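Colleague: I have this one open and would like to go through it slowly. Can we begin with the aromatic rings?

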Amino acid sequence: MLSSLIIATALVTLTVVIHMVGLVALMGFLQARSRRIRPFKSPLRQGVFIVLIVMGLVFIHFIEILVYAGAYMFLDVFETLEAALYYSTSAFTTVGFGDVAINSEWRLLGALEGLNGFLLIGWSTAFMVSVISRIRSMEMDWLDRLRNSPD
């Protein structure tokens with residue numbers, strides 16, 4: 001049990017750092033693209049921007065799931081990478097299908113992966129809501145300037 005807790009603590013720490021760095025990089029990417037895309041100018045542009053956000057978040061979560069799957073492979077918990085990825089995705093997203101089970105020695109690690117995934121997905125949701133709110137705010141500022149400009 002102690003080894004599961006130690007490994008889980010290391011993996012949680014690593015995935016939180018990955019998430020933080022990923023969100024900073026995603027924000028930098030979005031800021032660089034927003035000057036070109038100008039998402040506040042049309043619904044289509046907003047849609048493109050939101051798709052970029054979602055794809056970036058999915059990529060970050062995929063890296064985090066890969067970290068757990070890699071740990072499972074390193075610990076010989078699963079025989080194939082596909083099984084490790086499947087289990088890790090199921091645990092990380094808290095779906096927990098149950099058709100691929102983890103042995104009792106590492107059950108706590110799997111449960112803590114679920115908790116970690118739940119928190120990181122929540123963080124991603126907050127990030128996405130914040131960015132979309134900012135786009136809507138910029139859109140309102142832009143519309144106000146248009147309405148108040150002398151023609």
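Modeller: Let me start with the rule: rings of Phe, Tyr and Trp (its six-membered ring) pair if their centres lie within 6.5 Å, and planes under 30 degrees apart count as stacked, over 60 as edge-to-face and the rest as tilted. Please keep in mind that this is a predicted model, where local features need pLDDT of at least 70 and side-chain atom pairs count only at pLDDT 80 or more, while totals for chains, interfaces and linings use all residues. Residues are numbered from 1 along each chain as its sequence is written, and side-chain values use heavy atoms, with hydrogens and water left out.

Colleague: How many aromatic pairs does the rule give?

Modeller: The count comes to three aromatic pairs. In one of them, the rings of tyrosine 72 and phenylalanine 78 have their centres 5.8 Å apart and their planes at 85 degrees, so this pair is edge-to-face.

Colleague: And is tyrosine 72 buried or exposed?

Modeller: Tyrosine 72 counts as buried because its relative accessibility is 0%, where buried means under 20% relative accessible area, exposed over 50% and partly exposed in between, using a 1.4 Å probe and protein chains only. Phenylalanine 78, at 8% relative accessibility, counts as buried too.

Colleague: What about tyrosine 72 and tyrosine 87?

Modeller: Their ring centres are 5.5 Å apart and their planes stand at 80 degrees, so that pair is edge-to-face. It links distant parts of the chain, since tyrosine 72 belongs to helix α2 (residues 43–74) and tyrosine 87, 15 residues away, to helix α3 (residues 81–92); helices here are DSSP runs of H or I with at least four residues, strands are runs of E with at least two, and both are numbered from the N terminus. Tyr72, Phe78 and Tyr87 form one aromatic cluster.

Colleague: Switching topic, which residues form the nonpolar patch on the surface?

Modeller: The patch is formed by Val16, Val17, Met20, Val21, Val24 and Trp123, with about 510 Å² of accessible area together. Patches take residues with over 30% relative accessible area and no salt bridge, joining like charges within 9 Å and nonpolar side chains (Val, Leu, Ile, Met, Phe, Trp, Tyr) within 5 Å. A salt bridge is a side-chain nitrogen of Lys or Arg within 4 Å of a carboxyl oxygen of Asp or Glu, and the areas come from the Shrake-Rupley method with a 1.4 Å probe, with only the protein chains shown counting as cover for residues.

Colleague: Where does its largest share come from?

Modeller: Helix α1 (residues 2–37) gives the largest share, five residues, whereas tryptophan 123 lies in helix α4 (residues 107–148). Tryptophan 123 is partly exposed, because its relative accessible area is 32%.
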